[in-house]
Amino acid sequence: MTPVRRFFGPLSRAGLWLGGAFLLLLLLLPWWGSSYIMTVAITVFYLALIGQSWNLMLGFAGLLSIGHALFVGIGAYTAAYLFAAIGLPPVIGVLPAVGLAVLMGLLIGYLGFRFAIGGVYFALLTIAFAEFVRIVIDHVSWLGATEGFFLKVSAADRHGIDLANLRGAPEMYYYLIMALALGALVLCRFLLRSRLGYYWQAIRDDAEAAQALGVNILRYKMYAVAISSGMAGVAGVFYAFYQNSLFPEIVFNIERSIEATLGSIVGGVGTLFGPIFGTFILTPLGEIVTEAIDLLKHWGVIDPQIKLDGLKLLIWGFIVVLIVLFKPKGLWPWVCARLRLTRPEAEG
Amino acid sequence: MDFWTLANATVGGLLIGLVYGLSALGLSVIFGVIRIVNFAHGEIMVMGMFFALLMFRWLGLDPLLSVPLAAALMFGFGYVLQLLVVSRVSHLPEHMQFLLLAAIAIMIVSALLLVFGPDAQGVEVDYAWDSFAVGELIIDYPKMFAAIAAVIVASLLLAFFKCTATGKAIRACADNRMGAQVVGLNVSRLYALTFGIGAACLGAAGAIILLLFEVHPYLAPGYTLLAFVIVIIGGLGSLFGALVGGILIGVSEALAAVLFQPSMKTAFSFGLLILILLLRPQGLLGKAVR
């Protein structure tokens with residue numbers, strides 16, 4: 001087997017072809033898609049990156065985080081502040097950003113482990129930390145407090161490519177976040193088949209047995225937490241320089257944390273392609289619902305005067321409920337089995 | 001900062017804390033028996049608030065008078081929700097249960113948004129601004145009535161669990177589900193009843209709190225978080241603990257608002273939560289079960 005073939009081991013021939021075609025389509029997106037489609041695609045890859053990070057924490061370390069916005073937000077604020085205050089380009093600023101996010105992750109993970117806080121209680125601990133940090137930043141004037149923290153952008157910044165300063169055309173952001181999301185996928189694939197990955201799976205399946213065999217549970221769980229929060233921190237840096245404005249109410253909102261979990265859960269927790277697959281279903285789905293409502297209004301089926309602010313989320317929530325009830329293992333394993341995207345003996 | 005300012009803040013916090021406690025009771029009952037964290041908690045409570053708002057608008061009914069109606073309505077909602085939807089995920093891992101209830105929460109907020117719009121709306125009763133004084137202690141009537149109503153509803157609930165056969169049966173399910181099944185209790189019906197009772201607490205708390213605060217759909221996640229904080233502090237699953245936690249949070253928020261900034265008050269609650277999770281994860285009055 002060639003190294004490439006071995007890397008995509010679980011994928012069948014059909015899966016490889018379909019995946020390859022899809023990837024090609026995405027690579028060529030700037031040539032066929034409108035700027036609107038590109039914005040949606042950037043969101044998809046951004047959420048896929050965070051989803052991959054969240055999936056690592058739950059799927060590999062068994063820790064349910066509902067405060068992932070915290071790590072994203074810390075990464076975003078750190079890189080943005082360093083850029084605005086001392087002109088540190090994000091290509092370097094990403095290091096302290098990730099460092100702080102990892103430290104926060106390690107702190108929460110260690111506390112959870114040290115005090116044996118698991119399951120729901122750990123999830124509530126992550127929410128509590130995220131809310132706490134949000135309220136603190138609400139009161140830190142040099143981070144803009146509730147008024148928000150802004151990065152200067154000029155019209156000239158919207159052209160060309162300046163990767164070091166994360167300034168450039170939308171295409172640059174698109175390819176960057178695509179590379180980051182796919183990089184996260186490759187990293188997870190690599191980790192899953194490494195010695196570390198086997199320790200993780202051993203701990204996840206039977207922690208006591210793993211400990212009896214001499215696996216240092218704390219250390220390996222902390223590795224998973226560190227990698228997960230670091231990945232979220234990278235996503236945060238991207239967010240800061242893509243949005244150029246940071247508001248605690250938006251960045252640390254619990255809805256952001258819930259958003260981080262949705263793609264993975266819909267795609268399939270603990271699977272490699274689940275997070276990216278799930279976001280590729282969910283985000284466009286939300287957009288299609290919006291478009292459909294607009295179209296119905298345009299055709300006069302619905303009175304255009306009616307405000308339908310909540311309708312999109314209502315339908316969206318309903319679909320998520322249906323998935324939980326009828327496909328609780330996630331859509332990716334199901335689609336794989338249906339379309340024979342994976343070889344029968346391997347799991348996605 | 002003189003004594004009476006602090007005393008006024010403390011009493012005000014205590015009265016609101018009792019309403020918070022009633023709402024947290026709803027979360028605690030459901031978790032204590034069904035072992036499911038109701039992430040749609042605040043949303044159900046806000047539904048109760050909107051119901052009381054409609055009753056006030058249409059019939060001129062004082063929110064306190066719509067408490068039984070709101071409780072009954074939400075009881076039905078909770079009963080059906082558990083029987084038809086939540087019961088189907090009880091065998092799934094925690095994160096799937098979380099996702100289901102989070103999705104239901106999103107649906108409720110969106111539906112409320114569609115019907116009522118995003119603006120804050122409130123009721124104005126005749127005694128809205130009345131108060132009486134004990135020494136220099138000034139007590140608002142709405143706050144006092146709200147606290148009394150909350151205590152009455154909470155007492156009824158505690159009495160139900162202590163004294164009635166159904167209440168005992170539900171407690172039996174909480175202690176030992178298998179054992180309850182063995183002695184012939186209809187566990188799925190009792191679970192639906194429990195979710196209904198939890199939701200009824202929220203309906204009641206919602207109607208009561210409408211007396212004090214205006215309502216809008218985005219209020220819901222805040223109430224969910226608040227209830228989490230309270231039940232963790234009091235002890236998830238402990239009914240009395242929820243009331244104590246509610247008072248504690250009510251008072252600490254009121255004091256934090258006076259001593260520091262009003263916007264800092266929730267940071268104190270979450271700080272308190274983190275401390276409790278670390279030092280006494282089963283909560284002040286909870287039993288260590290792990």
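**Values against definitions**

Analyst: L236(B) touches S28(B), F31(B), V231(B), G283(B) and G286(B), leaving aside residues up to four places away in sequence; two residues are in contact if their C-beta atoms, placed from the backbone, lie within 7 Å. The model is predicted, so local features need pLDDT of at least 70 and side-chain atom pairs count only at pLDDT 80 or more, whereas totals for chains, interfaces and linings use all residues. Residues are numbered from 1 along each chain as its sequence is written, and chains are lettered from A and ligands numbered from 1 in the order in which they are written.

User: Why is L236(B) called buried?

Analyst: A residue is buried if 20 or more other C-beta atoms lie within 10 Å of its own, exposed if 12 or fewer, and partly exposed in between, with C-beta atoms placed from the backbone. L236(B) has 27 other C-beta atoms within 10 Å and is therefore buried. This residue is found in the loop between α9 (220-234) and α10 (239-259) of chain B, where helices (H or I, at least four residues) and strands (E, at least two) are DSSP runs numbered from the N terminus.

User: What makes L156(B) exposed, and where does L156(B) lie?

Analyst: L156(B) has 12 other C-beta atoms within 10 Å, so this residue counts as exposed. L156(B) lies in helix α5 (residues 141-163) of chain B, and its C-alpha atom is separated by 26 Å from that of Y127(B), 29 residues apart along the chain.

User: What makes A145(A) count as partly exposed?

Analyst: A145(A) has 15 C-beta neighbours inside 10 Å, and so counts as partly exposed. A145(A) is found in the loop between α7 and β1 (149-150) of chain A, and its phi is near 45°, a positive value in a residue other than glycine.

User: How do you know that the span of helix α8 of chain A agrees with its number of residues?

Analyst: The expected span is 1.5 Å times one less than the number of residues. For the 23 residues of α8 (residues 170-192) of chain A this should come to 33 Å, and because the end C-alpha atoms are 33 Å apart, the two agree. The buried residues of α8(A), including Y173(A), I177(A) and C188(A), pack against α2 (13-27), α3 (29-32), α4 (35-61), α11 (217-243) and α14 (274-298) of chain A.

User: What makes β1 and β2 of chain B a pair of strands?

Analyst: Two strands pair if DSSP finds at least two bridges between them. Four bridges join β1 (residues 131-134) to β2 (residues 137-140) of chain B, so the strands pair, and they run antiparallel. A133(B) stands opposite I138(B) in β2(B). The hairpin has two residues between the strands, and G135(B) takes a positive phi near 65° there.

User: How many residues of chain B are in contact with chain A, and how do they divide into nonpolar, polar and charged?

Analyst: 35 residues of chain B are in contact with 40 residues of chain A. α4 (94-116), α9 and α11 (265-279) of chain B each supply at least two residues of the side of chain B that touches chain A, and α4(B) gives the most, with 15 residues. The residues of this side divide into 27 nonpolar, five polar and three charged, where Ala, Val, Leu, Ile, Met, Phe, Trp, Tyr, Cys and Pro count as nonpolar, Asp, Glu, Lys and Arg as charged, and the others, Gly among them, as polar.
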